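Subject: Structure for your review, with notes on what was found

Dear colleague,

I am handing over the structure below, together with notes on the features found in it. Please read the notes with the structure open beside them.

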Amino acid sequence: MRALKLLAAALGVAYGMITLALSASPLYLVRGPVWGAVSLVTYRIWAFGSPFYSPALDAASVLSLSVLFSATLNIAVSAWLLVEGGHERVLAEAHVGAALSSVVSAGVLKGLERLVRGELMGLVGSFDHVTSAGRVILGRVVVEALPPAGFFFGPAYIAIVAVLTAVSLTHLVHVYARLGEG
Amino acid sequence: MRVSDLAALMAALALLTLVLGRLAGLPIAVVMVSGRSMEPSLRLGDLVVAVRSGFGVGDVVIWCTSPTYCVVHRVVNVTGGLVVTKGDNNPVPDAPVPRGLVRYRVVLTIPRELWAPPALLLVGVYAYRKRRALAQVQVGRVAVAVLLSYFLFSLTLALLAPTYFTHNVAPLRVPSINLRSAGLWPGGLVALNYTPLGASIEEVEACLAVVDGLKAPCAAEGGGDSLVVKVPTALLEYMNEHGLSILEVRLNATLSCDSSWRGRLAGRYLVPVPWRPLRVEAGGGVVRIYNPNPAAVRVNVTFMWADEPGPWSRSEASLVLGPGEEAVVEAPRHRYVYADVRYVLAGSIRGVRVRP
């Protein structure tokens, strides 16, 4: 029982920390005449030497607060689960609530990935063009997904969420079963 | 219900009404700034209070094309039924939108520092005070309460922030450069004038003058919006002798937008070379010949003279007149004198007969 509680708390903290770390990490690198790095919560992109502001990436930063909230909630509730002695049922339920929020958050994350990738794909391509002065060679923009993006938006992250939810629910069932026995 | 609970409920309802105002078309709405296009006037996370009212150039307005896609930008032009807006931080204005899409005029800005920390603190204090009550409630309520708090937070974010759910890639100002004019100056200099559109010429890396398959390196000076190319005189002389009047200048140059970015320009320019006849004037015992062309011209002057009727005597003089040069040839002093000036121009022999 204690092992299950510890596992649920550890998974909650791990999920939260991984999510916070990945949200702040650079996920995409933009190279060429438009260059910079994009993470979930922020981005710095320069286009031909001037800062570039994208409404879609700004919107993604705002909406990523939902993902960050779920991560923080999981860390806080898991820490509470570890530290607090009493209120076992309340803590187990809170942990399940936080774990379920991570499921919703994973869906939000998928949407944000599409939003960010769609915006960045719009920048990909050659900016060379021909004018009366000749061929203006500006180069080609390439977007590269970094390894954290592969993990964040891939099946491994979904697996962590699934395991967290499953362990949290199992812990809750055990808590209720023990209360029933008592 | 306690007074504090009632106050919290009223506050939540009031906020919800204001947040939903944009979607429901109420006369007043609260919107969160979700982009950086209006910096420094409006920053990401600031709340704006907007009302339905008239607007003019300079006002910050909210226009929406759908319930989930709204833009908070400043009006820069109103023409007829169209309104043009622009983010203070954007390089280019937005596409014009019909006046009917402009829903609100921003009347008040609440900086993020003023609303976010107190709001989080209030929610935190409220949750802390309710922790014991939560412990007493029925099975599953705590889990639902935690999940619901997450849903409410996410929903508030989605409702507050006018967001993009369509892929409209932000407009990029792509640097460019156009050719304004290309012409030949005296002395075999080709002047190239450009119109820079965010990019100007920094340095010429390579320059080549091409005529009839013949290539010769040329020197180019200048930068910014103009270049001067020095075409080798031998090439111009070749053009003159072979009757060619189109000179091709090829150059590769680096373009600069600012210190951190470089582009390149590969230009091929066809420059017409107008071959003009030499100006030949005679009088006062001399013949004056002026070459207005960019290349040197070889000139033969044949004098024919006689003092009385009979056979003509002849004397010849050859000279090379450089570009823009004038030569004065003294004629023999006799009663009857003619000068026959012959030269090759644009591949053909031209001649002028004058009486000094």
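A disulfide is taken here as a pair of cysteine sulfur atoms within 2.5 Å. On that rule the whole structure has 2 disulfides over all chains, one of them formed by B:Cys64 and B:Cys70, whose sulfur atoms are 2.0 Å apart. The link of B:Cys64 and B:Cys70 is right-handed, with 105° about the S-S bond.

Before the rest, some conventions: this is a predicted model, in which local features need pLDDT of at least 70 and side-chain atom pairs count only at pLDDT 80 or more, while totals for chains, interfaces and linings use all residues. Residues are numbered from 1 along each chain as its sequence is written, chains are lettered from A and ligands numbered from 1 in the order in which they are written, and side-chain values use heavy atoms, with hydrogens and water left out.

The interface between the chains comes next. Counting contact as heavy atoms within 4.5 Å, chain B contributes 53 residues and chain A contributes 52 residues. The buried area, which is the accessible area (1.4 Å probe) that two parts lose on being put together, summed over both, is about 4200 Å² between chain B and chain A, and carbon and sulfur atoms give 68% of that area.

A salt bridge is a side-chain nitrogen of Lys or Arg within 4 Å of a carboxyl oxygen of Asp or Glu, and the count between chain B and chain A is 1 salt bridge. In the salt bridge of A:Asp58 with B:Arg36, the closest N and O atoms are 3.4 Å apart. The elements that give two or more residues to the side of chain B that touches chain A are helix H4 (141-160), strand S8 (176-185), strand S14 (246-258) and strand S15 (261-272) of chain B, where helices (H or I, at least four residues) and strands (E, at least two) are DSSP runs, numbered from the N terminus. H4(B) supplies the largest share of that side, 12 residues.

Strands also pair across the chains, pairing being defined by at least two DSSP bridges between two strands. Strand S7 (residues 134-137) of chain A is joined to S15(B) by 3 bridges, and the two run antiparallel; A:Ile137 stands opposite B:Arg264 in S15(B).

Within chain B, strand S21 (residues 336-345) and strand S22 (residues 348-354) pair in the antiparallel sense over 7 bridges, and B:Asp340 has B:Arg353 in S22(B) as its bridge partner. The hairpin of S21(B) and S22(B) has 2 residues between the strands, and B:Ala346 there takes a positive phi near 50°.

Over all chains the structure holds 17 salt bridges, including that of A:Glu88 with A:Arg178, where the closest N and O atoms are 2.6 Å apart. Because A:Glu88 lies in helix H3 (residues 88-121) of chain A and A:Arg178 in helix H5 (residues 155-181) of chain A, the pair ties together parts that are 90 residues apart in sequence.

Two backbone details remain. A cis peptide bond, with omega about 5°, joins B:Glu39 and B:Pro40, and B:Pro40 is found in the loop between strand S1 (28-32) and strand S2 (47-51) of chain B. A:Phe48, a residue other than glycine, has a positive phi near 55°.

Best regards
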